[in-house]
Amino acid sequence: MAGAESLETGWEVFVDFRLFLLDQNKGIYLVLQDANLKKMCLHVAMLEVGFDRVIPLKAFADASNGYLIDDTCVFGAEVFVCKERRAGKAECLPRINNAVIVSKENKDFLHKKENNDFMNKYVWKIEEFSKLKPEPLESKPFNAGGQTWKIQLYPKGDSHGNHTHVSLSLTLANPEKLSTASKILAQFTLRIVDQLNAKHFFRQASNCFRASSPSWGWSNFIMLGFFKERDKGYLVMNTCVVEAEVTVRS
């Protein structure tokens with residue numbers, strides 16, 4: 001969102017968007033879209049949304065793929081504004097200055113950052129991964145910013161990542177306790193730990209959690225085949241380790 005400083009207090013814009021990368025050899029576009037990123041709400045605390053991993057750099061630079069020709073690439077965007085809310089219907093959200101990120105399971109070990117926020121991680125160890133059923137698996141509840149959360153994992157992907165990806169999301173454990181008007185603005189990182197090389201695989205996001213939409217994550221968090229490669233260290237002795245860092249901002 002450009003020019004946000006000129007917008008009125010309390011503005012929100014709900015958008016449905018797609019990004020495109022042109023194959024200049026064939027004249028067709030690679031469409032970048034995620035079902036979890038449709039109808040996103042942009043506001044003063046979240047001015048941008050996108051994709052952490054679009055295409056491997058080697059594949060992008062390979063001229064035979066057509067994405068980078070004569071040191072030139074072409075991107076496109078398609079944006080639909082679904083709804084706008086401006087001043088007059090604004091909400092006042094109390095900002096949490098000393099945001100607390102969740103306590104580490106069984107250890108309660110806190111890392112204090114220079115800005116006086118407290119940095120910590122919740123660690124979830126999942127054993128016998130190959131024996132898991134396709135149904136979603138949930139971590140034990142943990143606390144962050146006065147709210148109770150869970151990590152939800154689909155070992156063989158949800159409906160959008162079915163048998164191609166591991167799907168991972170963060171969800172409110174007790175959304176029924178929120179009023180219909182309540183919103184929880186949270187920044188979070190979900191991470192699959194590389195147990196061999198410490199080159200962890202992670203994704204980050206900001207989202208407004210509500211009673212009506214208590215969960216947010218990625219259907220295509222990581223490709224299932226890539227996740228299972230032995231040298232990557234994500235699945236060792238049939239065990240994987242998932243970490244969550246959650247900061248409730250308001």
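Modeller: Arg191, Glu243 and Glu245 are linked in a network of salt bridges. This is a predicted model, in which local features need pLDDT of at least 70 and side-chain atom pairs count only at pLDDT 80 or more, while totals for chains, interfaces and linings use all residues. Residues are numbered from 1 along each chain as its sequence is written, and side-chain values use heavy atoms, with hydrogens and water left out.

Biologist: What makes the contact of Lys150 with Glu138 a salt bridge?

Modeller: The term requires a side-chain nitrogen of Lys or Arg within 4 Å of a carboxyl oxygen of Asp or Glu. For Lys150 and Glu138 the N to O value is 3.2 Å, so the pair qualifies.

Biologist: Why is Glu138 called partly exposed?

Modeller: Buried means under 20% relative accessible area, exposed over 50%, and partly exposed in between (1.4 Å probe, protein chains only). Glu138 has 39%, so Glu138 counts as partly exposed.

Biologist: Is Lys131 buried or exposed?

Modeller: Lys131 has a relative accessible area of 61%, which is over 50%, so Lys131 is exposed. Its salt-bridge partner is Glu128, with the closest N and O atoms 3.5 Å apart.

Biologist: What makes Cys240 buried?

Modeller: Cys240 has 1% relative accessibility, under the 20% limit, and therefore counts as buried.
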